[in-house]
Amino acid sequence: TPEQLAEIQASESLFIVNEFAKKHFEHQLFETEEGQRVALSYFKKRGLREDTIRTFGLGYAPDQRDLLLQAAKTARHSLDLLRKNGLCNQEITRDFFRGRVMFPIHLLSGKVAAFAGRTFSSDKSVPKYINSPETEIYQKSKVLYGMYHAKKAIRQQNECILVEGYMDVISLFQAGLQN
């Protein structure tokens, strides 16, 4: 129906904005001096190879007020869609993720539904991880981090290993335990 088509198009627009954000965070990680010095070195100190970092689409959000918003504006993306995805505050004046390494959260289809960001700060008042809020395309209870990357190996081995953290999933994947 026309209503269903409009709903599908609205959801697709949210996925497009998240894909834009993912590419923005990857660019900040690999193509900027700060990203390489701060975030890429963090991932490498944690034992991740560059191919693994790229496979999982990891990135970096510099500690700047509205870098993602400005990039989205320049690329002519709807800033309201960034707000709906939790990528900025409700007033659309500042980025939600700042000063963090970024972990895109994929649906089984591979589409980016949300993000998690880990701080570098040792300040105990700053949450170590923050996640995207629940949105039209992301319901936390329905998404298991790493399933998109693990689904083929799970089918082949008929076994799924569950671990707690993002880095646990990625490290095991890199070590060959891809299920």
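**Labels and their grounds**

Reply: Start with Arg 54: its relative accessible area is 44%, so Arg 54 is partly exposed. Keep in mind that the model is predicted.

Me: Why is Arg 54 called partly exposed rather than buried or exposed?

Reply: Buried needs under 20% and exposed needs over 50%. Arg 54 has 44%, so it is partly exposed.

Me: What makes the contact of Arg 54 with Glu 50 a salt bridge?

Reply: The N to O distance between the two side chains is 3.0 Å. The cut-off is 4 Å, from a side-chain nitrogen of Lys or Arg to a carboxyl oxygen of Asp or Glu. The pair therefore qualifies as a salt bridge. Arg 54 and Glu 50 are four residues apart in helix H3, so about one helical turn separates them.

Me: Which other residue meets Glu 50 in a salt bridge?

Reply: Lys 44, at 4.0 Å, N to O. Glu 50 has 32% relative accessibility, so it counts as partly exposed. Lys 44 has 43% and also counts as partly exposed. As a general point, side chains of opposite charge can pair when their charged atoms come close.

Me: How far apart along helix H5 are Asp 80 and Lys 84?

Reply: Four residues, about one turn of the helix. Their side chains meet in a salt bridge at 4.0 Å, N to O. Asp 80 is partly exposed at 30%. Lys 84 is partly exposed at 38%. Elsewhere, salt bridges that share partners join Glu 19, Lys 22 and Glu 26 into one network. The whole structure has nine salt bridges.

Me: Is Asn 85 buried or exposed, and how do you know?

Reply: Buried. Its relative accessibility is 2%, and the label asks for under 20%. Asn 85 sits in the loop between helix H5 and S2. Leaving aside residues up to four places away in sequence, its contacts include Leu 14, Val 17, Ser 132 and Pro 133.

Me: Is Gln 90 buried or exposed?

Reply: Exposed, at 53% relative accessibility.

Me: What makes the meeting of Gln 90 and Arg 83 a polar contact?

Reply: The two side chains come to 3.4 Å. The cut-off is 3.5 Å for a pair of N or O atoms. The pair therefore counts as a polar contact.

Me: How do you know that the buried residues of H6 lie on the same side?

Reply: The buried residues in H6 (residues 147-157) are His 149, Ala 150, Ala 153 and Ile 154. They cover an arc of only 120° around the axis, which puts them on the same side of H6. They pack against helix H3 (50-55), strand S2 (100-106) and helix H7 (166-174). The face turned away from that buried side carries exposed Lys 152, Arg 155 and Gln 156. Asn 158 follows H6, with a positive phi near 55°.

Me: Why is strand S3 described as largely enclosed?

Reply: Eight of the eight residues of S3 (residues 112-119) are buried, so the rest of the structure largely encloses it.

Me: What makes S2 and S3 a pair of strands?

Reply: A pair needs at least two bridges. S2 and S3 have seven, in the antiparallel sense, so they pair. Met 102 has Gly 117 in S3 as its bridge partner. The hairpin of S2 and S3 has five residues between the strands, and there Gly 110 takes a positive phi near 100°.

Me: How many bridges join S3 to S4?

Reply: Three, and the strands run antiparallel. Gly 117 stands opposite Ile 130 in S4, and Ala 116 stands opposite Asn 131.

Me: Why are S1 and S4 called edge strands?

Reply: The open sheet has four strands in the order S1-S2-S3-S4, with antiparallel pairing. S1 (59-61) and S4 each have a single partner strand, so one side of each is left without a neighbour in the sheet. Neighbouring strands are turned by 35° against each other on average, direction ignored. Helix H1 (residues 2-31) packs on the sheet and touches S1, S2 and S3. The direction of H1 makes about 35° with that of S3.

Conventions: Residues are numbered from 1 along each chain as its sequence is written. This is a predicted model: local features need pLDDT of at least 70, side-chain atom pairs count only at pLDDT 80 or more; totals for chains, interfaces and linings use all residues. Side-chain values use heavy atoms; hydrogens and water are left out. Buried means under 20% relative accessible area, exposed over 50%, partly exposed in between (1.4 Å probe, protein chains only). Helices (H or I, at least four residues) and strands (E, at least two) are DSSP runs, numbered from the N terminus. The arc is that of the directions from the helix axis to the C-beta atoms. Contact means heavy atoms within 4.5 Å. Axes are lines fitted to C-alpha atoms, for helices over the stretch in contact, and angles run from 0 to 180 degrees between N-to-C directions. A polar contact is a pair of N or O atoms within 3.5 Å; within protein, one must be able to donate a hydrogen and the other to accept it, and residues adjacent in sequence count only if both atoms are side-chain atoms.
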